[in-house]
Amino acid sequence: MNGHSDGQGDLDEMYQKLLGLGDSFSVKSHYPEYKAAERHLVESEARLRTMFEAVPFDMYLIGADGTFLLSNESYRRNFGEVQGLRPEDVDIDPAMKAGFLDDLRIAGEGTTQQRVRAVETANGPRWMLTILSPILIDGVSSGVAGVNIDVSEQKKAEQALLTINEDLERIVESRTYDLRRLNDELEARRKALERALADLRNTQERLVQTRYQVSVGRVLAAIAHELNSPLAATESAAGQLASMRDEAVRAISRFRSLADPHAKLVDRILSRPADIPYYGKARRDALADRLASAGYAEPYELADDLCDLGAADLGDEDVALVAGPGGADAVGVAWVLGSMFGSSTLAAKAARRSADVVRSLNAYLELARPDESALVEFDIVGRLQRCADYGSSGTCPVALELEEGLRAYGDPERLDLVWENLVKNALFAAGKAGRVTVRARSDGSGAVVSVEDDGAGVDPAIRDRLFDPFFSTKAQEEGKGLGLDICRRIIDTHGGTISFESIPGRTVFAVYLPGRPDGDMGR
Amino acid sequence: MSQTYPMRKYVVPESVFGEGASTLAGRYARNLGATRPLVVSDPGLVAAGWTESVIESCRAEGLSPLSFFDVSPNPRCTEVDRGVEAFKDGRCDAIIVVGGGSPMDAAKGIAASAANGADVRTFEGVDKIAVPGPPLVCVASTAGTGSEVSRFAIINDVFRHVKIAIVSPKMVPDAALVDPRLLSTVPTDLAAATGMDALTHAFEAYVSSASSALTDLDARQAVRLIAKNLERLIVDPGDEDARGAMALASMLAGRAFSNAGLGVVHAMAHALGGLLDAPHGLCNALLLDAGIEVNFEAAAERYSELALDLGASPDEVASTGAKACVLERVRALRAAVGVVPGLANIGAVASDLPRLAGFAARDACLVTNPVRLSADDIEKIYERSL
């Protein structure tokens, strides 16, 4: 046989392995391994058995044939020796046994069963936890391992805990309820307070306003009163002045008839128009030059007087007359008379105007004064029908939607002022092409009258001032700004309300009039 | 050879030889502790009915056999994987294999792979299996492989296209049941190829560098039986004496090579079979003469003894020369059983040869070849055999 050449180390090694003399291959070569394995098994079993016996609860094994293979000391103490018996034959509470056998069957099919049962014992009722687990060998169930553990203490503790928890929950629930109620109450109170505060503010505003109006009213009344006598005096004086003027005119007429050229001159000078224009310096100087040309030495003062009298364009004859002897005296007479006429006319005009103002103030104050005796139940529909007449060729028409037979309680005359005011305002806002609708309907025992227009609406910036006296959006000549204030005062004296809402294209003023205080109005 | 009797080990499984041996499969399995044996076989044997009779023997013993018949000639590593799966899924505890070399080697691979939890390809080489497999009972169905008594398994690594040799004492089956009756259904061409395979086993074991007095007895007796009976069996497949003799020869040759190892012919045959998926016995038959030529000088005396065993008279050996005589006898037998020489006949081409030589040079069987050969040497042998 040829040996192998050098440098073939791995081949030599392979060759030696192939010869196989390094190990002894026989079935019995595994004997030590088997013995070691057996030893391990024995030790392992001893340890497990010790544990199995020592555990302070029942432990048992049931084989694939359905009989007890093993049971530990605890189990034997409770149930006696059961090895080889079927669980069916073990002496346990029949009621419990049925459930146990069911669980055992399910565990035997491969699913662990775990259950706590109440058991009657000599020491009273106990809670037992039974766990039945399949013994799986290569995934196949080959019996069942079971334990019974007394869990009464845990159960008791659990129930105690449960009770505590429930109590806690109840307490929390009750506290939560209380808190919520308290919270709701607080919220309600807060809202009530808010409302009260708002009411207070409103009342305060109204009070301030009322007080302001009352004081304004008082001042106005006082002024009206104080003005009344002097105005009457002025008026009478102006009257006298006027009659004196008339008297003077008559005297001058008589004087004029004397055909004295100077008298005629005075007449001509005074026959200038009542509204004398103001003549500038050029005219005055021109007249003065003419007077100078006519031989008057100091013509300027005279020219001024003539211009003041409206006689700037005298004829040459008159100029000569004025410039001549006695001419300046005649102008002096004319100037005195002319001034008297002017002043008396002015005084009369002023006195008339003052009286007008005082009268309207009085009317305004009169309106604000409630007059219980004037309140009657009346046919408001009939009154409101007049609203249609407030329209004219210069406005849009007024449409009426009035609840038939509606009656109201109040002062019909003064309320007419309200309707007129509201409708006129609406017509003004709507313009010629717009639409104004007056509606009336019952509301409880009272009545609601509304006036709607499709105008541009009330500028939000002025809404708060809308009812203030002397406030107006109209041009100065068109309104004194008292209309809505008057309306509100009138409605106030009726115990009603007036309000408005406004968006561009729809503004509604609504008046609520309460019914007769003693009851139904029998619509 | 410096020693007349160098120390050698000789391992053989418990063996039963003779008609009816296959009926003991169930009992052997049960005695080995099996309850759910996996019965490995191939479709041909199933069709012949031998597998069913083995399964029946299992049932008769109260076992619950499971079947795995998905094995092809030149068993593949992928088939081994599927077998391992069947073994595990069936929770099997033993393997019974009914078949020739392919099912038996597959069964050995399944056993080792299942026990070690490793891919069968990791066992390539000598003594690479850590844990012995489950009990393995082999029922041989061909006369040639000798696998039923050997520590060898040859698996086709389909990823590398090479047959790998697994050599391990843990591959030795636990029982070898050789029942000549099973050879009655073997086709003639397969009988010829397997017979030549057995002859190659005996030849290579006898000239192996690890041969021993015990293996020599098996090897020479195998050669004698084959020389006398192979042609007879091919000519008359119903010849029960020839059939029994071939069954015995195969088993003896198996014992010889299992313990003494093989040589260059097998190394080359494994590479060839892996590449071309050609029958193992045929590959050996085509390469045996070239193997003798290259090894002759290293074991001239043994070859001349084999020439005698092949039927040559001492005079004939003396006159023609041992080498020519043994080559002539081998080639004559090969021709007599219908094997046409030339690797080209099974599809080998010259361009394959370097790659084949590379694989053969790394084959475990080369370890016990009497001559150390390089890949280049081997490529030249392939060339001569083309």
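Tutor: Before the helix pairs, one term is needed: an axis here is a line fitted to C-alpha atoms, for helices over the stretch in contact, and the angle between two axes runs from 0 to 180 degrees between N-to-C directions. Two packed helices are described by the angle between their axes and the distance between the axes. Please keep in mind throughout that this is a predicted model.

With that in hand, take helix α6 of chain B, which spans residues 188-207, and helix α11 of chain B, which spans residues 300-309; their axes come within 9 Å and cross at roughly 145°. The crossing of α6(B) and α11(B) is right-handed. On the α6(B) side the contact is made by B:Phe203, B:Tyr206 and B:Val207, while α11(B) brings B:Arg302, B:Tyr303, B:Glu305 and B:Leu306. Sorted by class, the residues of this contact between α6(B) and α11(B) are 5 nonpolar and 2 charged, with no polar ones.

Now turn to helix α9 of chain B, residues 264-276, and its pairing with helix α10 of chain B, residues 280-295, where the axes come within 8 Å and cross at roughly 140°. Angles over 145 degrees count as roughly antiparallel and those from 65 to 115 as roughly perpendicular, and α9(B) and α10(B) are therefore oblique to each other. Their crossing is right-handed. From α9(B), the residues that make the contact are B:Val264, B:Val265, B:His266, B:Met268, B:Ala269, B:His270, B:Leu272 and B:Gly273, and from α10(B) they are B:His280, B:Cys283, B:Asn284, B:Leu287, B:Leu288, B:Gly291, B:Val294 and B:Asn295. By class, this contact of α9(B) with α10(B) holds 9 nonpolar and 7 polar residues, and no charged ones.

Helix α9(B) also meets helix α14 of chain B, residues 353-361, and here the two axes come within 8 Å and cross at roughly 130°. That angle makes α9(B) oblique to α14(B). The crossing in which α9(B) passes α14(B) is right-handed. The contact is made by B:Ala267, B:Met268, B:Ala271, B:Leu272 and B:Leu275 of α9(B), together with B:Arg355, B:Leu356, B:Phe359 and B:Ala360 of α14(B). In the contact of α9(B) with α14(B), 8 residues are nonpolar, 1 is charged and none is polar. If you follow B:Met268 and B:Leu272 on your screen, you will find them in the contact with α10(B) and in the contact with α14(B).

Most residues other than glycine have a negative phi. B:Asn74, although it is not a glycine, has a positive phi of about 55°, and B:Asn74 is found in the loop between β3 (66-68) and α4 (77-89) of chain B. With 5% relative accessibility, B:Asn74 counts as buried. B:His161 likewise has a positive phi of about 55° without being a glycine, and B:His161 lies in the loop between β7 (152-157) and β8 (162-167) of chain B. B:His161, however, counts as partly exposed, at 42% relative accessibility.

How values were computed. Residues numbered from 1 in each chain as written. Chains lettered and ligands numbered in written order. Predicted model: local features only at pLDDT ≥ 70, side-chain atom pairs only at ≥ 80, totals over all residues. Heavy atoms only, no water. Helix = DSSP H or I, 4+ residues; strand = E, 2+ residues; numbered from the N terminus. Parallel < 35°, antiparallel > 145°, perpendicular 65-115°, else oblique. Left-handed = near helix turned anticlockwise from the far one by under 90°. Contact = heavy atoms within 4.5 Å. Nonpolar A, V, L, I, M, F, W, Y, C, P; charged D, E, K, R; others polar. Buried < 20%, exposed > 50% of the residue type's maximum accessible area, 1.4 Å probe, protein only.
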